[in-house]
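The following account leads the reader through a single chain, from its overall make-up to individual residues. Please keep the sequence and the model in view while reading.

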Amino acid sequence: MRTSKLAETSGYSVQQIRQLESLRVIPAATRLPNGYRCFSSLHLGTLLAYRELASAVGPVLARDVMSKVQHLPLIESAALISGLGHSLEEERRQVVAAKAALTSIRKETETAVAERGPSALEPMTITELSQALGVPPSTLRFWEKEGLVSPDRVEARSQTARVYRATAIRDARITAALRAGGYRIPEVVEAIGALHDLGDASRSLVALDERLEAVARRTLALFRAGSVLADLVDPGHR
């Protein structure tokens with residue numbers, strides 16, 4: 001088929017098709033004696049697979065993968081494709097872990113308030129908070145240095161002391177839960193930042209549910225792209 005027909009069928013513009021061909025996202029077109037490009041059903045399938053793959057992993061990575069799987073040895077191409085699914089599963093696992101951590105923090109806070117009343121929300125010293133979390137004071141100071149927890153400073157006996165109020169206590173609890181779940185410091189920083197942006201824990205849980213659904217949809221998009229990717233990697237089994 002001609003470029004214009006492929007554009008009409010695939011939903012891409014003529015210019016986009018030429019660009020994707022130059023980037024080796026789709027196989028090179030056959031050239032007719034008059035110099036015009038001629039495309040096949042393989043090109044159409046590859047374009048549609050690229051659209052799904054871009055939805056799954058983003059256009060930049062999708063372009064890189066599509067160009068590589070057509071030229072790498074089978075073993076390397078299969079590993080590259082498999083890695084995409086592994087990354088999505090890892091993202092899903094982390095969101096589930098974050099959701100569990102936030103849920104446990106919310107329950108812990110509700111239980112503490114129910115048992116101790118308003119005093120559960122009273123400010124804490126670094127010693128009190130470290131004992132409550134089961135971590136040494138040096139860990140709380142490290143978390144503060146990394147921007148995870150922001151205690152207030154007050155003058156006490158001619159020196160400055162840390163005071164952890166409600167938000168700082170919550171952030172410390174979430175940090176402790178995520179670190180216990182295997183999260184690295186940069187990931188905890190991102191989670192705390194998202195929590196600050198989203199507001200209370202219940203809204204964060206809603207956002208995490210939305211992210212889980214997004215990951216599920218991206219995974220399905222990867223599956224839809226998979227059959228065409230397999231044909232590109234191993235054309236003898238079409």
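This is a predicted model: local features need pLDDT of at least 70, side-chain atom pairs count only at pLDDT 80 or more; totals for chains, interfaces and linings use all residues.

Residues are numbered from 1 along each chain as its sequence is written, and side-chain values use heavy atoms, with hydrogens and water left out.

The chain contains 10 helices and five strands; these are DSSP runs numbered from the N terminus, with helices (H or I) of at least four residues and strands (E) of at least two. Of its 238 residues, 34% are buried, where buried means under 20% relative accessible area, exposed over 50%, and partly exposed in between (1.4 Å probe, protein chains only). The accessible surface is about 13500 Å², and carbon and sulfur atoms hold 54% of it; such areas come from the Shrake-Rupley method with a 1.4 Å probe, and for residues only the protein chains shown count as cover. Among contacts (heavy atoms within 4.5 Å) with a separation of 6 or more, 58% join residues 24 or more positions apart.

A nonpolar core is a set of buried Ala, Val, Leu, Ile, Met, Phe, Trp, Tyr and Cys residues joined through side-chain atoms within 4.5 Å. The largest one has 29 residues, and those with the most contacts inside it are Ile17, Leu47, Tyr50, Leu53, Met66 and Leu229. Two or more residues come to this core from each of helices H1 (3-10), H2, H3 (41-57), H4 (59-69), H5 (74-116) and H10 (201-233). Beyond its neighbours within four places in sequence, Leu229 is in contact with Leu53, Met66, Val69 and Ile81. Another core, of 27 residues, lies apart from the largest one and includes Ala168, Ile169, Ala172 and Ile192.

Helix H5 also holds Glu91. This residue counts as buried because its relative accessibility is 18%. Outside four places in sequence, Glu91 is in contact with Arg211, Val215 and Arg218. Ala100 is found in helix H5 as well, but it counts as partly exposed because its relative accessibility is 46%. Its C-alpha atom is separated by 9.1 Å from that of Leu205, 105 residues away along the chain.

Most residues other than glycine have a negative phi. Arg24 lies in the loop between helix H2 (14-22) and strand S1 (30-31), and it counts as partly exposed because its relative accessibility is 47%.
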